[in-house]
Amino acid sequence: MSNTQQLLADRFGDFAIREEFRDNVRFVVSPDRLLDVLSLLKNEAGFDFLADITGIDYLHYPNATDRYGVVYCLANSETAERVYVKVLVNDPEPTLESAYSLWKGADWMEREVFDMFGIVFDGHPDLRRILMPEGFAAFPLRKDYPLRGRGERHNFEPNIRADG
Amino acid sequence: MPLAPALPFAVDEESPEQEFLYTLNFGPQHPATHTTLRLILTLDGETIVKAVPDIGYLHSGFEKLGEDLDYNQYVTIVDRMNYISPICNEVAWHHAVEKLMDIEITPRCKYIRTIIAELARISDHLLCVGAASLDLGGITAFMYAFNMREKVYDIFETMSGQRFHPSYTRVGGLMVDVKDDWVAMVRTFIKVDFPKAHADVCRLLNRNKIFLDRTKGIGVLSKEEAINRSAAGPVARASGVARDLRKDEPYLAYGDLEFDVVCSRNGDCLARYLVRMEEMRESARIISQAVENIPAGPVNVNIEDKLTIPDKSATYRSIEGLIQHFELFMWNRRWKPPVNELYAATEAPNGELGFYIVSDGEGRPYRCRTRPPSFIHFAIFPHLMEGHSIGDLPAVLGSLNIIAAELDR
Amino acid sequence: MAVMPDFLITKLDWVANLARANSLWPMPFATACCGIELMATASSRYDIARFGSEAMRFSPRQCDLMLVAGRVAMKMVPVLQRIWLQMPEPKWCISMGACASSGGVFDTYAVVQGIDRFLPVDVYVPGCPPRPEQLIRAVIDLQEKIQATGTVNAREFTDRTTYEGPTSMIKTLELDQTMVVPGDFNTATRQRD
């Protein structure tokens with residue numbers, strides 16, 4: 001892990017802030033450096049496995065400065081080491097570079113983050129909604145969207161016996 | 001709402017190159033899909049030119065619900081995520097929560113959790129193998145597999161009172177301790193019932209000409225692709241990626257127990273089937289070691305830590321127990337985890353099942369993201385399907401073991 | 001020894017009901033966990049074939065019993081309704097499990113709170129998921145219902161022309177609250193201009 005840290009420090013200096021909690025080592029990077037950091041980790045540090053991409057909405061989080069966070073969970077498939085890369089983005093147009101060019105597995109994960117949080121990934125080949133219906137307007141995992149929705153779930157005409 | 005076309009690319013049916021292609025809608029309610037997923041297939045005769053999945057037909061807002069429930073309540077929801085091996089989800093969820101709160105669970109709890117997770121792995125693989133053979137026309141293996149699953153259900157029912165969704169783990173421990181007759185049941189299952197059923201399924205399928213013809217060389221996933229497309233679990237191991245979190249990041253009691261990681265090089269449907277069959281045998285090996293060595297002692301962490309729900313006698317008969325019960329059930333008290341976030345993963349039957357928990361210091365998670373193996377594996381599906389005939393589709397689907405509730409959450 | 005007559009006098013309705021009740025062909029609309037319990041009911045230990053309902057047909061045109069097993073998400077409702085309309089009369093519906101009957105634990109933005117808001121349901125099965133015994137009990141209950149109320153030309157359905165479910169929760173929103181959602185454009189689903 002110290003190698004990785006040294007590598008990132010050499011290349012990016014203070015742009016990659018290191019955080020550690022339990023066994024998780026996290027680097028917070030700025031959105032414009034994201035793709036550079038990811039490709040460095042993949043190609044030179046050996047983190048060739050993208051385990052997960054997750055979005056977080058920090059709207060009500062204590063002492064939060066930015067609205068959204070996106071976390072890339074990387075793993076080394078040989079040594080089983082893990083590293084986490086976190087970027088923070090803000091309204092009104094949260095946009096990030098797509099990691100599809102590095103990992104094809106990022107395809108659906110980025111689509112899900114887009115579907116749930118509305119974070120746009122530039123350069124993604126097919127950025128559509130994946131879980132919610134095509135015409136849905138809100139982003140359900142944002143903190144300002146209520147748990148029980150806004151009534152969308154009941155807006156279908158019922159069938160009665162005589163219909164059949 | 002009419003079913004909308006979901007083709008991301010422009011199929012120009014007027015152009016001479018593409019006029020012979022036609023589009024077939026597959027799902028969302030179809031026997032071979034087991035549950036609810038939809039595919040839009042572009043076919044050239046019987047050959048699949050392009051398969052476009054359309055998912056979300058079972059999206060139920062699990063992750064949003066997790067932000068509304070506390071660390072113990074959410075276990076009932078994660079149960080319903082991969083519903084053919086619910087215990088593995090519970091173990092994974094509380095593994096992450098305990099890492100967040102820095103709880104070291106007791107040795108007895110570790111062993112019991114290991115046993116139930118491996119039992120769930122056996123029942124998951126049994127259903128996967130049985131359903132895969134059902135899709136390929138062999139109903140007998142399915143019946144044998146299901147008969148054995150009923151025995152696993154009996155074990156879970158004796159342990160927790162619910163046969164299907166046990167909701168058995170709690171923060172820092174278990175709902176109740178197991179009894180001796182439960183241990184005897186597990187022992188009988190591993191020594192008598194399971195080897196017989198496993199041998200039956202092996203005899204039915206391993207040298208079955210139809211089964212072999214329909215799975216060999218179908219849906220090949222290379223090692224590079226498997227890593228690049230984030231595959232984990234049996235799907236990746238069948239392609240030669242020797243990655244198993246039970247070995248790589250030993251959690252629970254896996255560090256003490258002896259077992260092998262099953263791998264194959266071929267990466268086709270047959271390899272995935274064989275890896276699953278062999279993994280069941282390894283699981284049985286783990287259980288037979290663990291069940292003889294369950295340490296004595298409590299299953300919950302020390303009551304002084306104020307993390308676990310006290311048992312009923314402590315709640316009703318001592319003031320400390322009553323206070324702690326109140327503390328953990330009043331909505332503004334509960335746990336006080338550190339304000340931070342972490343990812344923790346376990347090896348579920350389908351692959352790496354991880355939770356990314358963001359905590360804001362309250363009794364319930366601020367955000368709990370699941371890393372669902374089915375979701376990642378279904379993303380590989382169009383790649384596996386291209387160029388195969390439509391009859392291979394159930395074989396590939398069955399070998400990936402897609403669970404819709406985990407896929408859509 | 002009494003000589004048995006070689007004919008039988010009965011009501012045509014009764015014979016039709018007997019035949020229908022004892023050969024229900026289910027259309028398993030299995031979406032989630034309850035689907036696995038449905039499979040368990042159909043497999044060897046519980047064996048729903050004892051009640052004449054083992055012929056699971058996945059094509060709605062050949063079925064007369066819809067078994068909705070599992071939660072139904074917003075995206076799934078149009079599919080469910082289309083399959084229901086494709087089934088020929090006479091047809092019945094069993095709502096299996098808490099999620100299909102009431103939404104269950106999933107009181108979220110995406111799950112409909114009971115399929116009886118959109119379909120006429122005959123028998124509800126509680127449980128999360130119900131045990132196979134409970135599902136078999138529901139099939140027996142439905143058989144009794146068919147035997148008691150059925151008619152040969154399905155007259156019993158012709159009077160039931162009104163909506164029978166719980167109070168409809170469709171609401172019309174103010175113009176500034178409207179949003180793009182699937183469904184009918186006259187209700188809460190108006191498109192924002």
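1. Between chain B and chain A, 30 residue pairs are in polar contact, both residues of each pair being at pLDDT 80 or more. A polar contact is a pair of N or O atoms within 3.5 Å; within protein, one must be able to donate a hydrogen and the other to accept it, and residues adjacent in sequence count only if both atoms are side-chain atoms. The model is a predicted one, in which local features need pLDDT of at least 70 and side-chain atom pairs count only at pLDDT 80 or more, while totals for chains, interfaces and linings use all residues; side-chain values use heavy atoms, with hydrogens and water left out. Residues are numbered from 1 along each chain as its sequence is written, and chains are lettered from A and ligands numbered from 1 in the order in which they are written.

2. The interface of chain B and chain A brings 52 residues of chain B into contact with 51 residues of chain A, contact meaning heavy atoms within 4.5 Å. The two chains bury about 4,400 Å² between them, and carbon and sulfur atoms hold 56% of that area. Buried area here is the accessible area (1.4 Å probe) that two parts lose on being put together, summed over both. Chain B and chain A also share 10 salt bridges, a salt bridge being a side-chain nitrogen of Lys or Arg within 4 Å of a carboxyl oxygen of Asp or Glu. One salt bridge joins the side chains of B:Glu249 and A:Arg82, at 2.7 Å from N to O.

3. At the interface of chain C and chain B, 37 residues of chain C are in contact with 39 residues of chain B. About 3,300 Å² is buried between these chains, 64% of it on carbon and sulfur atoms. On the side of chain C, the residues that lose the most area to chain B are C:Ile36, C:Arg45 and C:Lys75, which together make up 18% of what that side buries.

4. Polar terms at the interface of chain C and chain B comprise five salt bridges and 10 residue pairs in polar contact, both at pLDDT 80 or more. The side chains of B:Glu157 and C:Arg131 form a salt bridge at 2.6 Å, N to O. Strand E1 (26–30), helix H2 (33–42) and helix H3 (77–86) of chain C are the elements that give two or more residues to the side touching chain B. The largest share of that side, six residues, comes from H2(C). Helices (H or I, at least four residues) and strands (E, at least two) are DSSP runs, numbered from the N terminus.

5. Chain A contains three helices and seven strands, in the order α-β-β-α-β-β-β-β-α-β along the sequence. The C-alpha trace of chain A spans about 70 × 35 × 30 Å along its principal axes. Of its 164 residues, 59% count as buried; buried means under 20% relative accessible area, exposed over 50%, and partly exposed in between (1.4 Å probe, protein chains only). The accessible surface of chain A is about 6,300 Å², with 45% belonging to carbon and sulfur atoms. Such areas come from the Shrake-Rupley method with a 1.4 Å probe; for residues, only the protein chains shown count as cover. Among contacts in chain A with a separation of 6 or more, 52% are between residues 24 or more positions apart.

6. A:Val120 is placed in strand E7 (residues 120–122) of chain A. Its relative accessibility is 30%, so A:Val120 counts as partly exposed. Apart from neighbours within four places in sequence, A:Val120 touches A:Pro94, A:Thr95, A:Leu96, A:Phe114 and A:Leu127. A:Thr95 is 25 residues from A:Val120 in sequence, yet the C-alpha to C-alpha distance is 4.7 Å.

7. Chain C has five helices and four strands, running α-β-α-β-α-β-α-β-α from the N terminus. Of its 193 residues, 53% count as buried. Chain C exposes about 8,700 Å², with 57% supplied by carbon and sulfur atoms. Residues 24 or more positions apart account for 71% of its contacts with a separation of 6 or more.

8. In chain B, B:Thr308 lies in the loop between helix H11 (269–292) and helix H12 (312–317). B:Thr308 counts as buried because its relative accessibility is 4%. Beyond neighbours within four places in sequence, the contacts of B:Thr308 include B:Val171, B:Asn300, B:Gln324 and B:Leu328. B:Leu322, in helix H13 (residues 319–329) of chain B, is partly exposed at 34% relative accessible area.
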